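I opened this entry to keep track of what I looked up, going from the core to a strand and then to a loop.

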Amino acid sequence: MFNEDESKITIEIRDLPVASSRRTLKSYTSEYDEVATAVPDTGRKLERCVAVSFCLLSSQQKSLDEERDELKRQLNLTTSQQKSLTEERDELNRQLNLFMPASQQKSLDEERDELKRQLNLTNHYLNQGWVYFGSSFYYISSVNKAWQDSREDCLQRGADLVIINSEAEQKFIRQYPKYIWIGLTDRETEGVWKWVDGTPLTTSFWRSGEPNNYRGGNEDCVELTLDWNDVECEQKKLWMCEKKMAL
Ligand SMILES: [Ca+2]
Ligand SMILES: [Ca+2]
Ligand SMILES: [Ca+2]
């Protein structure tokens, strides 16, 4: 008969091709007991034990094979579903192109981007205290500066001193505090008034008796009170910037 220690057999399988099948088999006590009862011979019992162990291994191998086959099946299913989705997407694109040519889509995209850009810019100006009127944003300063420094400030803000193109614009600006610089000057040629964008003066709103080049003729810049007056450019005044933007 076997002693107790012999009833626990450990067999290591080293030569199976699949690495995962190299496992330590141990303590198949119950299987061994069955074998020990049926076959009294020690050698045969061992053979039977090994045979039982191989059976178990084969069974595990089979189970692994089945698992692999199932995974392959699922992978194929996924690939097939993906192919079907790709085809569906292509068909939708084809129908969309039929309905709306690519050039039209591009144009809509560009329009959307432009609207976004304008919206961002509008928010930017409104947040900085600019006011929208007609087709421009307007900014009025809170400090006084000479005409040229005032203009520099407007340029730094992406704008220029205000250009008054119409009576409506003139009326709009008259609501603001008196004595503000506007973008009109005759510094280049005395008596030839030009706006800061280089355009000549056509519609004017001079106060009666102005421009008068008062006291020595050095009045080359224009302030807006209710109407316009030419004054020396070095005087320090509030100013108004204008940024044209059609919304
Ligand atoms: Ca204007
Ligand atoms: Ca002058
Ligand atoms: Ca004057």
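Which residues have the most contacts inside the largest nonpolar core? I found Leu161, Ile182, Met240 and Cys241, in a core of 24 residues; such a core is a set of buried Ala, Val, Leu, Ile, Met, Phe, Trp, Tyr and Cys residues joined through C-beta atoms within 7 Å. Among the elements that give two or more residues to this core are helix H4 (147-156), strand S4 (136-140) and strand S6 (180-185), and S6 gives the most, with four residues. Helices (H or I, at least four residues) and strands (E, at least two) are DSSP runs, numbered from the N terminus.

I noted that this is a predicted model, in which local features need pLDDT of at least 70, side-chain atom pairs count only at pLDDT 80 or more, and totals for chains, interfaces and linings use all residues. Residues are numbered from 1 along each chain as its sequence is written, while chains are lettered from A and ligands numbered from 1 in the order in which they are written.

I then turned to S4, which is largely enclosed by the rest of the structure because four of its five residues are buried (20 or more other C-beta atoms within 10 Å; exposed means 12 or fewer, partly exposed in between, with C-beta atoms placed from the backbone). S4 runs antiparallel to S10, with five bridges, and isoleucine 140 has methionine 240 as its bridge partner in S10.

Last, I checked threonine 225, in the loop between S8 and S9, and recorded that this residue is partly exposed, with 13 other C-beta atoms within 10 Å.

How values were computed. Pairing = 2+ DSSP bridges.
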